[in-house]
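Here is a short report on how side chains meet inside one protein. Look at the sequence and the model, then read on.

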Amino acid sequence: MGLEMRVLLVFAMAICLPSAAYAAEGTATFYTPPYVPSSCNGYQNDGVMIAAASDAIWGNRAACGRRYRVTCIGATNQGVKKPCKGNSVVIKIVDYCPSGCRGGTIDLSQEAFAAIANPDAGKIKISYTQ
């Protein structure tokens, strides 16, 4: 590989990496079945690794079908001091979160929430990437 190609490759990586590494932060809650109908897909069964998006993510239905990797990063209250299980989950946006969601909130399915945190926490701090 020539020097010019290497320089171009390094430059391309420098541009792409910061955007790929950026994770937004917010909070997550959870909702329980039934998961249909949903705002995005009506009565289609999308499985259980799903979520409802807040206004910050929803974008007038543009979020429908997007997948996010969600990671628990901490507690939001004193009830469960260490709710995180140390892993992440990939969810698909299938619904709109009602007015109870604020800012970067994602309302996870009960199963998705339980995969990353103790459900007794009810609400957790998260990071998420598309």
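Is Tyr128 buried or exposed? Tyr128 has a relative accessibility of 10%. Buried means under 20%, so Tyr128 counts as buried. Keep in mind that this is a predicted model.

## Aromatic pairs

The whole structure holds four aromatic pairs. One of them joins Tyr31 and Tyr35: the ring centres are 5.3 Å apart and the planes meet at 85°, so this pair is edge-to-face. Tyr31 and Tyr35 are both buried.

Tyr68 and Tyr128 also form an edge-to-face pair. Here the centres are 5.9 Å apart, with 75° between the planes. Tyr68 sits in strand β3 and Tyr128 in strand β6, so the pair links parts 60 residues apart in sequence. Tyr68 is buried too, at a relative accessible area of 6%.

## Nonpolar cores

In soluble globular proteins, nonpolar side chains tend to be buried together. The largest nonpolar core here has 25 residues. Val70, Ile91, Leu108 and Ile124 have the most contacts inside it. Among the elements giving two or more residues to this core are β1, β3, β4 and α3.

Take Leu108. Beyond its close sequence neighbours, its contacts include Ala28, Phe30, Ile50, Val70, Ile91 and Phe113. Another core, of seven residues, lies apart from the largest one. Tyr35, Val94, Cys97 and Cys101 are among its members.

## One salt bridge

The count of salt bridges is one. Lys92 and Asp46 form it through their side chains, at 3.2 Å from N to O. Lys92 lies in strand β4 and Asp46 in the loop between β1 and β2, so the pair ties together parts 46 residues apart in sequence.

Both partners are buried: Lys92 has a relative accessible area of 17%, and Asp46 is at 18%.

Notes:
Residues numbered from 1 in each chain as written. Predicted model: local features only at pLDDT ≥ 70, side-chain atom pairs only at ≥ 80, totals over all residues. Heavy atoms only, no water. Salt bridge = Lys/Arg side-chain N within 4 Å of Asp/Glu carboxyl O. Helix = DSSP H or I, 4+ residues; strand = E, 2+ residues; numbered from the N terminus. Buried < 20%, exposed > 50% of the residue type's maximum accessible area, 1.4 Å probe, protein only. Core = buried A, V, L, I, M, F, W, Y, C linked by side-chain atoms within 4.5 Å. Contact = heavy atoms within 4.5 Å. Phe/Tyr/Trp six-rings, centres within 6.5 Å; stacked < 30°, edge-to-face > 60°. Lists of a residue's contacts leave out its neighbours within four places in sequence.
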